[in-house]
Amino acid sequence: MSDRIHTLSGYFYEYQKSVTEPENFWARIADSFYWRKRWDKILKWNFEGPSVKWFVNAKLNITENIFEKNLFTNGDRTAIIWEPSEPGESARHITYAELYREVCRFSNVLLSKGIGKGDRVIIYMPMIPEAAVAMLACARIGAIHSVVFAGFSSTALSDRINDCEAKAILTSDGNFRGNKKIPVKAVVDEALEKSSVETVIVCRRTGQEVTMKPGRDFWWHELINGASEKHVAEEMDSEDPLFILYTSGSTGKPKGVVHTTGGYMVYTKYSFENVFQYAPGDVYWCTADIGWITGHSYIVYGPLLAGATTLMFEGVPTYPDAGRFWAVIEKHKVNQFYTAPTAIRALQAYGTDPIEPYNLDSLKVLGSVGEPINEEAWRWYYTHIGKSRCPIVDTWWQTETGGILVSPIAGITPTKPAFATLPLPGIQLAIVDAEGNELTGNSVEGNLCIKFPWPSMIRTTWGDHERCRQTYFASYKGMYFTGDGVKRDHDGYYRILGRVDDVINVSGHRMGTAEVENAINEHPLVIESAVVGYPHEIKGQGIYAYVICDMSHRTEENLINEIKETVSKIIGPIAKPDKIQIVPGLPKTRSGKIMRRILRKVAEGSLDNMGDTSTLLDPEVVEKIIAGRK
Ligand code: WT7
């Protein structure tokens, strides 16, 4: 295979080519895919619009590249290994041929409900193979899927349904979480009270009692029963949207990141094969949820395009005990294991006893994603899970980038704890200072930008292109701004330092501080709030909320609990503040702007030097806040 990197000099050679002749480089990579019609031009772009088009006027369907292109050679190969939450329940092995049949049948189901090209379909499902079938069937008929993490509340779900004007929702009766059953369909019903959704298809999983609204709600198994296995994929333009995925930013409202078809396909497969050095027959496992971009690109699309065996796990790392990940690795002989630092730190806290009973010899590569991995967690992962013989790929990327941009190539790029190391071919990074000057040379630190398009990049934010321009392309002229701080060390290696905007990263999940504040402010006794992140041993960052309240009706403890519940109800349990401090006032400048710098310092406990507070309207409020610190 010409697009596989096998040596360090090979990496440098490919990288060089990708920068000096990007169009030739990507034409070569794209050549191995099945296009109904080839492109007129590889790339047309400007970052002012922004307007980025890859494989201009090419026609294809991404699922034909997963199925039809390979069926003669890999039909019997396992596409998905599904490991249920309950260890006693049987795992499922689904071959490419079987998955193809299910996707075709479900495509016909969607069509029979009047869903077609360009329609938006929300997928709100647990980690079961049907969730992947749902995504692929949408892609096959040209409907735009938007997967919403099944832990989001009905309000968060309904915001997303309304923003993209979804025509249908694919969901389940319930969801297993440890030994609990979570009512998923009931959340959907609540979200649908005021919406235009015409069809709800419910997949049976937990067997929970649900209400089905006649004419709107249908059972998955009933519809798919009579559906034909024959389906000809819809022809898509390379730049037709493939999916929308909502993510948080520095404003109160999550935005719908839009990814398109051709470029996303080429980049996810290319990056998957190279970063993880996947070899035919390997079993690859990414522990993310399909509700996040990692699940899209590196559980479903990337691995399946590469003909890989991808493991999908329904459960949580600590059920039935803290050895579950290691048990699953042994059981299915996992070769590549990709997880998040927050999971590593949480399991590290249990010590090495839970690892002892299991044979982890199958492991070849370990991956990390979602937030900076601290050195201690890196070393623990390397030593106790990888037994000091598996390279760790610390992969930096974002919902907006669609695929991994900075990462070692497993076993090839020399690694350094806590460093994402070097950009993949095609990725032209720039470090800029506050004024937007590019900092060249090594041993520099600044804001991370990207100065040339890559195939899987964000194209727009759904329904609001100006927001896309403002958020990503307006801070520094001619560059995509990531929102992350970064350091390039003396070797030219990249270390991601974390967000420099009002986004906090809690357990690898992105939360906008404004979004959490909006939710807190929904409590009737809350007058004003300010939210910041602070270092948290397991979650990476925790949520610290300063709240001004009407205290005449509740005890402080009751009020704090009610505020937590309010946030949980409006966004979901992942956004619940770790600490809430009731304060008499907030440190504001004369123009009314909250000085978050001070709030961050108090939250992290660095109380000695508050810096210049002379521009504050009421400097005394800082003393009061320090005195009441949680
Ligand atoms: C933000 C993107 C990419 C999939 C999961 C998160 C942080 C992500 C790393 C890493 C340091 C990382 C960044 C980024 N991040 N991976 N390996 N090292 N930081 O996707 O929700 O879009 O969040 O996660 O801050 O901007 P996301």
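Domain 1 covers residues 8-486 and domain 2 covers residues 507-629, with bounds that come from an automatic or database domain assignment. Please keep in mind that this is a predicted model, in which local features need pLDDT of at least 70 and side-chain atom pairs count only at pLDDT 80 or more, while totals for chains, interfaces and linings use all residues. Residues are numbered from 1 along each chain as its sequence is written, and side-chain values use heavy atoms, with hydrogens and water left out.

Let us look at where the two domains meet. Here, 24 residues of domain 1 are in contact with 20 residues of domain 2, contact meaning heavy atoms within 4.5 Å. The size of an interface is often given as the accessible area lost when the parts come together. Domain 1 and domain 2 bury about 1500 Å² between them, and 49% of that area is on carbon and sulfur atoms. Buried area is the accessible area (1.4 Å probe) that two parts lose on being put together, summed over both.

What holds charged partners across this interface? The rule finds one salt bridge between domain 1 and domain 2, where a salt bridge is a side-chain nitrogen of Lys or Arg within 4 Å of a carboxyl oxygen of Asp or Glu. Arg-510 and Glu-400 also pair through their side chains in a salt bridge, at 2.8 Å from N to O.

On the side of domain 1 that touches domain 2, the elements giving two or more residues are α7 (154-164) and α13 (341-348). Of these, α13 gives the most, with three residues. Such helices (H or I, at least four residues) and strands (E, at least two) are DSSP runs, numbered from the N terminus. The residues on this side of domain 1 divide into seven nonpolar, 13 polar and four charged. In this grouping, Ala, Val, Leu, Ile, Met, Phe, Trp, Tyr, Cys and Pro count as nonpolar, Asp, Glu, Lys and Arg as charged, and the others, Gly among them, as polar.

Now for the salt bridges as a whole: the count comes to 40. One of them joins Glu-130 and Arg-92, whose closest N and O atoms are 3.4 Å apart. Because Glu-130 lies in helix α6 (residues 129-141) and Arg-92 in strand β5 (residues 92-95), the pair ties together parts that are 38 residues apart in sequence.

Most residues other than glycine have a negative phi, and most peptide bonds are trans. Yet a cis peptide bond joins Gly-49 and Pro-50, with omega about -10°, and Pro-50 lies in the loop between β1 (41-46) and β2 (51-56). Strand β2 also holds Phe-55, which has a positive phi of about 55° although it is not a glycine. Another cis peptide bond joins Tyr-319 and Pro-320, with omega about 0°; Pro-320 lies in the loop between β17 (309-313) and α12 (324-332).
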